[in-house]
Amino acid sequence: MNVRKITFLFTLTLFLSLSLMAQDKVKTEFNFAPLPYAYDALEQSIDKQTMEIHYDRHHRAYYTNFVKAIAGTEMEYMTMEQILASISKFPISVRNNGGGHYNHDLFWSILSPAGGNLDGSLAEAIVKKFGSVDDFKKQFEQAGATRFGSGWAWLSVDDKGELFISSTANQDNPLMDVVTEKGTPILGLDVWEHAYYLRYQNKRASYMTAFWNVVNWKEVSNRYEAAVK
Ligand code: MN
């Protein structure tokens, strides 16, 4: 091999390595997605004004503050799942606002005006784990009812593919390394007062009962299938 060839190959290798390194450094695109239905679409369970304030003020603030909190850091190059999985390493503002952004994205996706039926392998897994759909709902509502102050109730899949119910404080969720019950959340219920106070005031239990009428079971099932794969 002559010197010219060696120089060419060396230059090519260097160019390819630098391109790969540059690719590693592509920023993640975090975005504030549109609400997938109108503010009044869930009226039977959640009123229009609550939806508007919840999405456009509360969720938007979590998103904006999350973007600010990660600016200029390694987190701009990580996925949300990667950030949440090592949240203990990062400032509390990322935990609160990144959690807030992720949790609300999930929440809007698992709600739907059409509702839909709980069936298929998710329904089977729920009956197997909790005895019946009604027992499952009772336990889930219990998790929300006993969360003192602000937080969430969750149905998640653990690393063995098993369903479990849990609750977390503030904007924590089961993907975070700081929580005791870890897994992939497939259904979440926001039990912060901002989620229900206008219509239900202090009656969190009534809000939780009404929640079942607007659950998007198709989306929850899709999340279940993806988590157990
Ligand atoms: Mn909320």
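# Aromatic cluster, sheet and helix packing

Guide: One aromatic cluster is formed by Phe-32, Tyr-39, Tyr-55, Tyr-63, Phe-107, Trp-108, Trp-152 and Trp-154. The model here is a predicted one.

Visitor: How many aromatic pairs does the structure hold?

Guide: There are 18 aromatic pairs. Take Phe-107 and Trp-108: their ring centres are 5.5 Å apart and their planes meet at 40°, so this pair is tilted.

Visitor: Why tilted?

Guide: Planes under 30 degrees apart would count as stacked and over 60 as edge-to-face, with the rest tilted. The angle for Phe-107 and Trp-108 is 40°, so tilted is the label.

Visitor: And are those two buried or exposed?

Guide: Phe-107 is buried, and Trp-108 is buried as well.

Visitor: OK, the sheet. What is the strand order?

Guide: The order is β2-β1-β3, in an open sheet of three strands with antiparallel pairing. At the edges are β2, residues 163–169, and β3, residues 184–190, each of which pairs on one side only. From one strand to the next, the twist averages 25°.

Visitor: How many bridges join β1 to β3?

Guide: Six bridges, between antiparallel strands; β1 covers residues 151–157. As an example, Trp-154 has Gly-188 in β3 as its bridge partner. Trp-154 is also one of the residues in the aromatic cluster.

Visitor: Is β3 mostly covered or mostly open?

Guide: Mostly covered, with six of its seven residues buried.

Visitor: Which helix lies across the strands?

Guide: That is α9, residues 217–228, which lies across β1, β2 and β3 and runs at about 150° to β3.

Visitor: What about α5 and α9, how do they pack?

Guide: Helix α5, residues 120–130, packs against α9 at an angle of about 80°, and the two axes are 8 Å apart. That angle makes α5 roughly perpendicular to α9.

Visitor: Which residues meet there?

Guide: From α5, Ser-121, Leu-122 and Ala-125; from α9, Trp-217, Val-220, Ser-221, Tyr-224 and Glu-225. The residues of this contact between α5 and α9 comprise five nonpolar, two polar and one charged.

Visitor: Switching to Tyr-207. Where is it found?

Guide: Tyr-207 is in helix α8, which spans residues 204–211. Its relative accessibility is 1%, so Tyr-207 counts as buried.

Visitor: What is Tyr-207 in contact with?

Guide: Setting aside neighbours within four places in sequence, Tyr-207 contacts Ile-46, Phe-107, Leu-189, Asp-190, Ala-195, Tyr-196 and Tyr-200. Of these, Phe-107 also belongs to the aromatic cluster.

Visitor: How far apart are Tyr-207 and Ile-46, in sequence and in space?

Guide: They are 161 residues apart in sequence and, C-alpha to C-alpha, 8.0 Å apart in space.

Visitor: One more, Gly-149. Where is its place?

Guide: Gly-149 sits in the loop between α6, residues 133–145, and β1.

Visitor: How exposed is Gly-149?

Guide: Partly exposed: the relative accessible area of Gly-149 is 39%. Buried would need under 20% and exposed over 50%, so a value in between gets this label.

Visitor: And what does Gly-149 touch?

Guide: Not counting residues up to four places away in sequence, Gly-149 touches Val-191 and Arg-204. Gly-149 and Val-191 are 42 residues apart in sequence, with a C-alpha to C-alpha distance of 8.4 Å.

Note on methods:
Residues numbered from 1 in each chain as written. Predicted model: local features only at pLDDT ≥ 70, side-chain atom pairs only at ≥ 80, totals over all residues. Heavy atoms only, no water. Pairing = 2+ DSSP bridges. Helix = DSSP H or I, 4+ residues; strand = E, 2+ residues; numbered from the N terminus. Axes fitted to C-alpha atoms, helices over the stretch in contact; angles between N-to-C directions. Contact = heavy atoms within 4.5 Å. Parallel < 35°, antiparallel > 145°, perpendicular 65-115°, else oblique. Nonpolar A, V, L, I, M, F, W, Y, C, P; charged D, E, K, R; others polar. Phe/Tyr/Trp six-rings, centres within 6.5 Å; stacked < 30°, edge-to-face > 60°. Buried < 20%, exposed > 50% of the residue type's maximum accessible area, 1.4 Å probe, protein only.
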